[in-house]
Amino acid sequence: MSYSITSRERVIKALRFESPDRAPRDLWYLPGIRMYREAELEALLAQYPPDFAGPAFRYGPSKRARGVPNEVGTYVDEWGAVWEVAEPGIIGEVKQAPLDDWGALATYQPPWEMLEGADFSLVNPSCAQTDRFVLCGAIARPFERMQFLRGTEKLMIDLAYGTREMLQLRDMVHDYHLREMALWAKTDVDGIAFMDDWGAQNQLLISPAMWRELFKPLYRDYCDLIHAAGKYVFMHSDGHIAAIYPDLIEIGVDALNSQLFCMDIEALGRAHKGQITFWGEIDRQYLLPFGTVDEVRAGVRRVRRALDDGRGGVIAQCEWGIGVAGENVAAVFDAWLEPLD
């Protein structure tokens, strides 16, 4: 009797280095793809069904949020930061930070109402109704949230001086994220993901030593909480983060999404293949928006030669930006199915 592996089993085999039948698929797309190219998106998802699914849930209503994200203009997020969107379908940039003046810190409160009013009643049923790996994307992004609240330039100065207020802000944001993850840990999701963009094009945004002192303990807490609940840890960070790959492996990140093409992919493979699952990705700065189909395929082959030995530890992931041709995204998933020469 033949047995067909499910998507959930495929992802778990990849995470455990247990030789899945193929690399699991995971497509990310910016809001503009769903807003303006929905038919194209649905056709591609039908051709290359993803192995991941998200749970059904709802956070409580925010007291601060107003306006419409991803549309040209301004909106206010749940934490009170004012964002400006210059192009439809993108996330935008923070233009007014709620804690631009430290004087506001004494009375500032995170949006606790979102957690207190969260409705997770459909999470477990939605997990039971799919054979895909259910991954929840937690709100947690401490470094980025601190930037949104304080402003990037001012936060960098605060980090350099090690100010008391900066540490107070970090701990407040971290406490919020831990409480959120504790809610998810009680559900039936298979994995919990968090994020923080730590890399510039060629190096970390702060020194590795400062990162290890101020932020590594936060991520260790997240990993410990998630693993204690029997779930897998997924993390995303943009930029050149090779310096902290060993740290993320040490604290227990199971799958890491990073901009491989900012770094030495072959060196990453030699150092860390078999220690962590490379959760994509394919170059979205140059290859996907500007490359030909053949160049995209060559990029995938490069990643596979460096990281894919057939035992697992890789996920076929890429991000579909608003200016990227659908043919290039399809080429990514095609190339992951081809035998390596």
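Me: What does "buried" mean here, and what makes H15 largely enclosed?
Reply: Buried means under 20% relative accessible area, exposed means over 50%, and partly exposed lies in between, with a 1.4 Å probe and protein chains only. Nine of the twelve residues of H15 are buried, so the helix is largely enclosed by the rest of the structure. Among them are Gly326, Val329, Phe333 and Trp336. This is a predicted model, in which local features need pLDDT of at least 70, side-chain atom pairs count only at pLDDT 80 or more, and totals for chains, interfaces and linings use all residues. Residues are numbered from 1 along each chain as its sequence is written, and side-chain values use heavy atoms, with hydrogens and water left out.

Me: Why is Arg37 called buried?
Reply: Its relative accessibility is 17%, so Arg37 counts as buried. Arg37 lies in the loop between helix H2 (31-36) and helix H3 (38-47); helices (H or I, at least four residues) and strands (E, at least two) are DSSP runs, numbered from the N terminus.

Me: What makes the pairing of Arg37 and Glu40 a polar contact?
Reply: Their side chains are joined at 2.9 Å. The term requires a pair of N or O atoms within 3.5 Å; within protein, one must be able to donate a hydrogen and the other to accept it, and residues adjacent in sequence count only if both atoms are side-chain atoms.

Me: How do you know that His177 is buried?
Reply: His177 has 0% relative accessibility and therefore counts as buried. The residue lies in helix H8 (residues 164-185).
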